[in-house]
Amino acid sequence: MEIREALRTTGAVRAFDGTPVDRRTIYDLLDTARFAPSGGNRQCWRVVVVEDPEKRRALRDAYLPGWYEYLALSKAGLVPFAVVNDLDEEAAALRDAPAMAAHARSGPGGFAEHLDEVPALLVVLADLRHVAAMDRGDGATTFVGGASVYPFAWSILLAARDAGLGGVMTTMVRRRDADVRAILGCEPHHEVACVLALGRPIARPTKLTRSSVESFATIDVVEGAPLEPA
Ligand SMILES: Cc1cc2nc3c(=O)[nH]c(=O)nc-3n(C[C@H](O)[C@H](O)[C@H](O)COP(=O)(O)O)c2cc1C
């Protein structure tokens, strides 16, 4: 597939037909994605392909609380877990999360409730011993550090697209990081970057909703003139 077309049309896929994704296929996706860039070319990524049904269910259970919290925060009109959020406002909104969970339990469930059933479930980790975090600070989280692993994760999704598969990058499990670390046997130097769900899509997104270049690119300063094509 032509790269421009792939970049413009590879949307999140959360519904899969039942076709299994075998290890050979996953191997091939990773064999392509490993050419992603990383700081100092240190290739800090690790991937755990989660096959064991018990571990899959445990990962789903680690995903769900964050998902219901996300729904509760969205319902309250907040950007869920934005680092600049007012924490008191968040706490008030989060009181709705158990109701969200109860509502979900009373229905058939969606992607989140059935995460354990997706054809392929990959956890992408970063080995912090190989991450140059240029913005590292005392006790501060690093924003730059993730840039050494997320291009790799995105490359897996693009490679999946090329192989006729689809998928989605997810991060909800980070609300239950300790659980995930225990499930996977992480060492202290491992950071959970994301969980990828992959499979053969039931349907492809037809048109992705994205803002125009003019809305986010400016000249010289943040509030400068918008970058326009001519
Ligand atoms: C860093 C990151 C975290 C994400 N986390 C989740 C997630 O936890 N669950 C989920 O269903 N989708 C998640 N997504 C997928 C986004 O919701 C999706 O890319 C976005 O809404 C655009 O959707 P579209 O491709 O269908 O237009 C995440 C995407 C990124 C890049």
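**Figure 1. Asp220 in the segment after strand S4.** Asp220 belongs to the segment that follows strand S4 (190-199). The model shown here and in the other views is predicted. Phi of Asp220 is positive, about 70 degrees, although the residue is not a glycine. Asp220 is exposed, with a relative accessible area of 80%. The cut-off for that class is over 50%.

**Figure 2. Asn41 in the loop between helix H2 and strand S1.** Helix H2 covers residues 23-33 and strand S1 covers 45-49; Asn41 sits in the loop between them. Asn41 has a phi near 55 degrees, a positive value in a residue other than glycine. Is Asn41 buried or exposed? Its relative accessible area is 52%, so Asn41 counts as exposed, the cut-off being over 50%.

Figure 3. A search of the whole structure returns 0 disulfides. Cys44 takes part in none; the nearest cysteine sulfur belongs to Cys194 and is 11 Å away. Cys44 is buried, with a relative accessible area of 1%. Cys194 is buried too, with a relative accessible area of 1%.

**Figure 4. Thr171 in the loop between strand S3 and helix H7.** Thr171 lies in the loop that runs between strand S3 (166-170) and helix H7 (177-184). Which residues does Thr171 touch, leaving out those up to four places away in sequence? They are Ala193 and Cys194. Thr171 itself has 40% relative accessibility and counts as partly exposed. Thr171 and Met100 are 71 residues apart in sequence. Their C-alpha atoms are 19 Å apart in space.

**Figure 5. Arg60 in helix H3.** Helix H3 spans residues 53-75 and includes Arg60. Is Arg60 buried or exposed? With a relative accessible area of 18%, Arg60 is buried; the cut-off is under 20%. Residues up to four places away in sequence aside, Arg60 touches Ala112, Glu113, Leu115 and Asp116.

**Figure 6. The whole chain, as context for the close-ups.** The chain has 7 helices and 4 strands. Their order along the sequence is α-α-β-α-α-α-β-α-β-α-β. The radius of gyration is 19 Å, close to the 17 Å that the globule rule gives for 230 residues, so the chain is as compact as a globular protein of that length. Along its principal axes, the C-alpha trace spans about 55 × 45 × 40 Å. Of the 230 residues, 38% are buried. Among contacts between residues at least 6 apart in sequence, 76% join residues at least 24 apart. The chain exposes about 13,800 Å², and carbon and sulfur atoms supply 54% of that area. There are 26 positive and 31 negative side chains. The centres of these two sets lie 4 Å apart.

Notes
Residues are numbered from 1 along each chain as its sequence is written. Side-chain values use heavy atoms; hydrogens and water are left out. Helices (H or I, at least four residues) and strands (E, at least two) are DSSP runs, numbered from the N terminus. The radius of gyration is taken over C-alpha atoms; the globule rule is 2.2 Å times the number of residues to the power 0.38. Buried means under 20% relative accessible area, exposed over 50%, partly exposed in between (1.4 Å probe, protein chains only). Contact means heavy atoms within 4.5 Å. Accessible areas come from the Shrake-Rupley method with a 1.4 Å probe; for residues, only the protein chains shown count as cover. Lys and Arg count as positive and Asp and Glu as negative; His and the chain ends are not counted. The place of a charge is taken as NZ of Lys, CZ of Arg, CG of Asp or CD of Glu. A disulfide is a pair of cysteine sulfur atoms within 2.5 Å.
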